[in-house]
Every structure is written in C-alpha cells, then in structure tokens.
Amino acid sequence: MDSGAARDCVVKEVSSSAVSAPMASTKDKSKSEAACIYCNVIIKCTSKSGTSGMHSHIERYCKKNLETKDKRQRTLAFINEPLNLEEGSNSGSPSLLAWQFDQKTGRRYLARMIILDEMLFKTVEHRGFRDFLNVLQPKFKISSWFTIVNDILELYISERDKLKSYLKRSAQRVCLTIDIWTSRQNLSYMCLIGHFIDVIGKPVERLLLEWGINKVLTLAVDNASSNDLRIMYLKEMINSWKGSLAVLNVDTRWNSTFLMLQSAVPFQQAFERLKEKDSRYRAEMTDDKHWGLPTDEDWDNTHNLLPFLKYFYDATLRASGSHYVTTNDYFHMVYGIGIKINSHISSEDSSFKEMAIRMKKEHDKYWANVTKINPLLFVALVLDPRYKLEYVNFAIDEIYEEPKNKELRARVREVLDSLFAYYSDVDGKNDDSSKGSAFLQSY
C-alpha cells in the first residue's frame, strides 16, 4: 500500500465518531501502520482491516489504557456460597469472591431455573425477560427455546448419571412408588419414583456442630437393627467430644430393648442423680404411662437380662445379613434360641422364669409342630460339609421326642431323595426327576 492508503487509515479514525480508535499516524507515510496514542505500539492498518486491529489492541491488550478489559480478569462481587447446580445458593450472608462471566455456566443455570420454577420453555423468548437479561449482563447470549430444551436434556442426563453412580456406590435400598395418571390429551402416564435416605450420620454430626450441641443423652430411631452403623458412627463421634449416647426403646422393635438397656447401664449413677434432683423426671416416671422410678432391683435385673437379650440380638443380626450365606446357620440360631429359653424356665428368679415360659409358648407355635417346619431348613445343614446328614439326625433326636423325631427325619430324607432324583438327570427325562420336581414345588 502507498502513502495514500496510510492517510486513508488515519482519515477513517478522525472522520468516524462511532469508531473512535485513538491512534496516531506514523511518520513514514509509505507504511500502512498506525501508533496507539496510549502506549505507542505500532499496529498494522491495511485497507481490508481498517481500524479493527487498533480497536482490538486498545480494548483488550493496551496496558496504559485505563478502560481496557481483559476477559481473563475476574471481578469482585458478593456471592452466596456455594454456587453450584447441586446445592444452589446459600441463604446465608454473601461472601466477597472473584467472579468471571461464563456463558456455559449461565446457560446451565438458566435451564435449572426453568426446571425448578416450572416455567415455559418459551420464557426465554419473551421480550421482558430478554430486556431484563440484556440490562443485567449484556454479554450473555440468550438462547432460543429449542436450545434450552437441549440444555435441560443435557442437564438431566448429567444428573441421572450422578445418581446412578451414587446408588451403585452406596448400595442403598430403594422404596418404589407408582403414580398413574391421564393427561388432557387422554394419554396415560406411569411415574415410577424411588425413595431413599442417604448417609445419616454425617448430616446429623454437621447439624450438631452447627448448633453447638455437644452433650447428647439419647437418640431415638424407628428400627434399631437397621441403624446400627449410624448409631455406632454417632457414638464414636459424640464420644470424641467427651460425651455419651443412650438409645430409647421402640415398642415395635424388640431389638431396641437390648440397645436401650445396654446404653443405659453406664448411666445408672446419672439416673440416680436425676431421681434426687429433678422433680420433672420424678413426675414423668411416676405418672400413669410409666412403671415408676428405676430401683436397685431393676438395675440388677438389667445386668442379668443383658446376656440373655444379647443372644437374641446377635442371632437377629446374623440372620438378617445380606453379604453372606445364612441358610446353613439358621437351624442353629432358631433352635439355639429354644435351648436358651428352656434353660431359663428352671431359673430361680420368678420374673425370669415367667418371661421364659411366655417366650416358649411363642416359640413352640412355630417350631413344636414338625408338620409345619420347612424341611429345606435341614437340607441346607446337610449340604454343609461340616455337618452332613448324620449330624442332622442327631440334632433332631436331641430336640424332639418320639414320634416327632422319626416323622421329621423321614420328611428330611424324602426331600433329599427328591432333590437327588431331580438333579441326577440334567435333561429332565427321568420319571423320578419329574416326580421330584413336583414334590419340591410344595415347599
């Protein structure tokens, strides 16, 4: 380009009020260049680009121009933490943080807003909404409703994958509910909802710390056996605060009686102190709904009862296990409980003897009648290489008297023969195997 082109470049800058790029022409008019009036950097000014290069330099890179804005530069702003899609904005006091505009993050939060507030997809195309965003953040490019639909679908897929990964890691049990409804267009829909509770121990710990509660006496749960791990975690956590934890009884969960008594024994002196000093405690324990204040005899009975209840508690935990085989242990647990009950029937303690008699009546409803016992319970024990059939026959003779023992031994043998006949012919062509299959269906 000749000197005339360079002069044209300067003339454009001077004559155009809309594009005011501050620059000065070079001394050498033969070159298509111009100098920034702030930092004197030489910028090429060809006939094709005009003043675009100078504009870009001044708006982004000129360090001496006080109005230069670097896109990488963050802005200080008061923001509620945490600012993420999972937890949303906290309602607490905002914090002064470094903020930077991000188009992608803005689109994700726009999709989140439409989901949470159940807004129409075409809200993003309403004039008032666009004017509001344009004033609030001119850099934000508002998408069409079709793009918003894709953003919502992308957000759903992302959150779905996170939930699937969480459920797989935590091995939670899920409760399902089904809701069937019909739309105005007469279309039928079925909604399947899964309900689950995430980790309980840590949120409880966080709330206790937040409220400054470090002295805990009791913790009431609706199912003590299924909350053992959570209670253990909270015990360790609270004990680390130099506190203690007791468990309340639940009428519908008899296992909680053992946990309540076990946790109450260390507080015996505390309860004695309450009886002396706390009038409200005395009034509550002596009303019509309670049995009265605990006496020394009650505490002695508690110490004697704990070993007996612990056997039931351990058997329940063992039988309800889900990560190991329990079928071959079920026989010993059930009949072990019966032996434990019989040993207390001859107890010198009248209260223990009366309790054992009542428990034996309940136990015999299920296990005294050999015709109601599932023989597969004994088959599992036969298949255990530690015991075999000889041990099963011996155990039956020890538990039942004639003729019940012979009847039960015959039933167990019959089931074993049917199982052998069924599995002896893989193709199922043997007549004996079909008989064995029909016989096993009754169990």
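So, first a definition: helices are DSSP runs of H or I with at least four residues, strands are runs of E with at least two, and both are numbered from the N terminus. On that count the protein chain has 17 helices and 9 strands. Before you ask, this is a predicted model, where local features need pLDDT of at least 70, side-chain atom pairs count only at pLDDT 80 or more, and totals for chains, interfaces and linings use all residues. Residues are numbered from 1 along each chain as its sequence is written, and side-chain values use heavy atoms, with hydrogens and water left out.

Two overall numbers, then. The chain has 443 residues, and 28% of them are buried; buried means under 20% relative accessible area, exposed is over 50%, and partly exposed is in between, using a 1.4 Å probe and protein chains only. As for contacts, meaning heavy atoms within 4.5 Å, take those between residues at least 6 apart in sequence: 49% of them join residues at least 24 apart.

Okay, on to the hairpin. Strand β6, residues 175-182, pairs with strand β7, residues 188-195, in the antiparallel sense over 8 bridges. Pairing here needs at least two DSSP bridges between the strands. There are 5 residues between the two strands of the hairpin, and Asn186 in that turn has a positive phi of about 65°.

Is β6 tucked away or in the open? Of its 8 residues, the number buried is 0, so β6 lies largely in the open. Over on β7, His195 counts as partly exposed because its relative accessibility is 39%.

Next up, aromatics. How many aromatic pairs does a search of the whole structure find? The search gives 11. Rings of Phe, Tyr and Trp (the six-membered ring for Trp) pair if their centres lie within 6.5 Å; planes under 30 degrees apart are stacked, over 60 are edge-to-face, and the rest are tilted. Take Phe308 and Phe312: the ring centres are 5.0 Å apart and the planes sit at 70°, so this pair is edge-to-face. Both residues belong to helix α11, residues 296-319, and they're 4 residues apart, about one turn of the helix. Phe308 is buried at 1% relative accessibility, and Phe312 is buried too, at 7%. There's also an aromatic cluster made up of Phe331, Tyr335, Trp367, Phe378 and Tyr400.

Quick reminder: two packed helices are described by the angle between their axes and the distance between the axes. Helix α12, residues 327-345, packs against helix α13, residues 350-367, at about 145° with the axes 8 Å apart. Axes are lines fitted to C-alpha atoms, for helices over the stretch in contact, and the angles run from 0 to 180 degrees between N-to-C directions. From α12 the contact residues include Tyr335, Gly338 and Ile341, and from α13 they include Ala356, His363 and Trp367. By class, that contact has 11 nonpolar, 4 polar and 2 charged residues. Nonpolar is Ala, Val, Leu, Ile, Met, Phe, Trp, Tyr, Cys and Pro; charged is Asp, Glu, Lys and Arg; the others, Gly among them, are polar. Also in α13 is Ser351, which is partly exposed at 37%.

Most residues other than glycine have a negative phi, and most peptide bonds are trans. Asn40 isn't a glycine, yet has a positive phi of about 65°. Asn40 sits in the loop between β2 (33-36) and β3 (42-44) and is exposed at 57%. Lys388 has a positive phi as well, about 70°; Lys388 is in helix α15 and is partly exposed at 44%. And where's the cis bond? The peptide bond from Glu402 to Pro403 is cis, with omega near 0°, and Pro403 lies in the loop between α15 (388-399) and α16 (404-424).
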